[in-house]
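Please examine the sequence and the model before continuing.

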Amino acid sequence: MSLDGFLTFIGLMIATYAILSPISRLRLRLNMYRQLVLGAVAVTFVGFLEFFFELKSIAPNSLSWVFTYFGFQEQSAGFSNQEAAFLVVVAWLVSALLLHASAKPRAISLANLKTLSERLHDEGRYLELVELVGPYLETIRRAAEKRLLGQHFHHWILDTHQKATNPFLAILNDDKLPLPKWLARRIKPLASLVPARRKARHAAVEIEDLMLQSEGVRQLLVRLKPDFAMEFMDRMGWEHDEFRTRFFRDALADKASHLYTELKATQNCAQPFGFLIEPKSVLLTGFFGDAKVGAKYGIWKPVGDETARLIRTDLAYVKLLNDPCPDDEDLWSDPTYNTIHFFDIMVTSAARQDVPDHMWLMYMSVIVRELEAIHEVTDPRVDLAAEFPTLGNRLIYEATRNLRKWIRLVGDLPDDSSHLRPKNLHGIDGPSIPYWAVKDCVNAMRTVVMSERLTDDFITGLLESYIRDVAALPKTGPVSHLRNMMINELIHGDPHYGGESLRAEITEYIKRVDHVVLFDAPDFREALETGAGENKA
C-alpha cells in the first residue's frame, strides 16, 4: 500500500463514520479508548513501513539492526514494505471490527454516557437515548449500588469500620460485629488503596434520574419500547414504584399505548382456564408469564389506583361513563374496561400457576363503588330499559362478572392447589383467590343493591346472576363454606354495612328474580326469610 492509498483509506474511514446512524456514532464514542490505542499502534506501524528507507537513511548506526531485521530492499522482487503496510491496514480493520462487535458496557464509559444522554434528552432525541442507554442498564445499576469491581470492596472496608466503631450501628447489627474493633481500625486505611469509582457512581445516578423523571422517555416507552420499560423496571427493582406508577398512568391515558394493544390481543383462552399470553405481549409476558413477578412488584396498585382516580376526578371521562353503552369493539379503548381485563389476566394467571397471592383482586369492588358514585343519567339518548343503559352499567357488570368467574375457579383448580386448602378457604392461613373473590363480590353487590342511582332492572339482573353462582357452588365439602359466605354475608351482613336495610332491599328485588333461579338456591331464600323473621320478632 502506497502513502496515497493509506491516505485514501483514512478518508474512507472518515466518510464511513459520517454516514453512520447517530446512535452508532455515539456507541463508537463510548468505546473509543481501545480503538484509539489500536489506531495509534496501526498508524505507527504503517508510518514506519511507508517511510522505511527514509528512516533507515537517517537512523543512527546503533539502530541499524532494526532495519536489518526487517530486511526490506528497495528493488526487491519479494515481499516489500508497502505490501507489509497493506497487511497492517487489513489487520487494523479486522481488529477494529472485532473490538466493536465484542465491546461490552464498561464503567469507564459512564461519564461519557452521561454527557451524551443529557445532550440527546435536551435535543428531544428520546429513541436514540433509549437505544444508547439500553446496553448499559446493568452496568448503571451496579455502579449506582456500589457493586463494581473494587467499588464494593472499598465500601465494605468503610462500612465494616463504621459498624465496629459506632455503638448505634453496632446495636442495629445485633451486636454482632463483622470484625473486632482493633482490626477494623487497622484495615480502614486500606480503603484509600481501593478505587471508590465515585465518578462512575455519580454518572450512573444521574443517568438513572434522567430516565426515571423524563416524561418524553416515558411516553416513548409507553408506545414503542415496552421491552426496554420492562428491563428498566426490573433493573430498578421494586422500590422504584414511582416510575411504574407514572408509566401505567401514561399507558392508560394513551389509547395508542402498547398496553392497550397487548390487552386486546390477549383474549384466547388457555387450559384449563385463564388466557394465552403471546410472547409479543412484552408487558403481560413480563409480569404474568411468571405471575410471581407481578406479585413482587405489586403491579395491581398503579393500574387500580389510576383507574379509580380517573373515575373519581376526570369530569370528561365521567360524562363518557354516563353516555349510552358503546359497541363491544369500542370498549377496548376504555381505560376501566382494559383495567378489568388486566386484572382478569393477572388473577387467573396467579391461580393457574398456584402463586400464593390474591393479587389484590379487591380493586373490583373499588371500581364498582366509584362507578356507582358518579352514576347520573342526564343524556336523553340513554335507554333505561336496555340491558346496559350506560357505559358505567356495563363496566359494573364486567367487574362483578370477573369476581363471580374467580369464585367458580374452585371447579377448575387442581385438588392440590394452595387456593383450595381448607384453611385458606376460610381466610385463616394463606391467601385463596376464590375466598377473596367471594368477600369482594359480596362488597360489590352491597354497593349495587343499596344504590339509589342504578335502575331496578339492572340491579335485579346482577342479583339474579349472583344467585345463579351461589346455586352452582356445592352444598357440602370445604368449598361449601364459600356458598354460605355468599348467602350469609350478603343477607345478614354487618352492622357497619347496614345489614337490616340490605335485607329489605334484597327482599324487594328478589320478587323480580326468575323462580327457577331461586329454586336452585333454596338456602338463599331461606336465609333471607329467616332474617326477615328475626327482624319482625
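Is Cys325 buried or partly exposed? Cys325 is partly exposed, with a relative accessible area of 23%, where buried means under 20%, exposed over 50% and partly exposed in between (1.4 Å probe, protein chains only). Cys441, at 1% relative accessibility, counts as buried. The count of disulfides is 0, a disulfide being a pair of cysteine sulfur atoms within 2.5 Å.

This is a predicted model, in which local features need pLDDT of at least 70 and side-chain atom pairs count only at pLDDT 80 or more, while totals for chains, interfaces and linings use all residues. Residues are numbered from 1 along each chain as its sequence is written, and side-chain values use heavy atoms, with hydrogens and water left out.

Helix H20 (residues 300-313) packs with helix H23 (residues 363-373) at an angle of about 10°, their axes 9 Å apart. This makes H20 roughly parallel to H23, a term for angles under 35 degrees. Among the residues that meet are Trp300, Lys301 and Asp305 in H20, and Tyr363 and Glu370 in H23; contact means heavy atoms within 4.5 Å.

Within helix H20, Lys301 and Asp305 lie 4 residues apart, about one turn of the helix. Lys301 forms a salt bridge with Asp305, the closest N and O atoms being 2.8 Å apart; a salt bridge is a side-chain nitrogen of Lys or Arg within 4 Å of a carboxyl oxygen of Asp or Glu. Lys301 is partly exposed at 47%, as is Asp305 at 32%. Elsewhere, salt bridges that share partners join Asp328, Arg394, Glu398 and Arg401 into one network. The whole structure holds 30 salt bridges.

Note on methods
Axes are lines fitted to C-alpha atoms, for helices over the stretch in contact, and angles run from 0 to 180 degrees between N-to-C directions. Helices (H or I, at least four residues) and strands (E, at least two) are DSSP runs, numbered from the N terminus. Angles under 35 degrees count as roughly parallel, over 145 as roughly antiparallel, 65 to 115 as roughly perpendicular and the rest as oblique.
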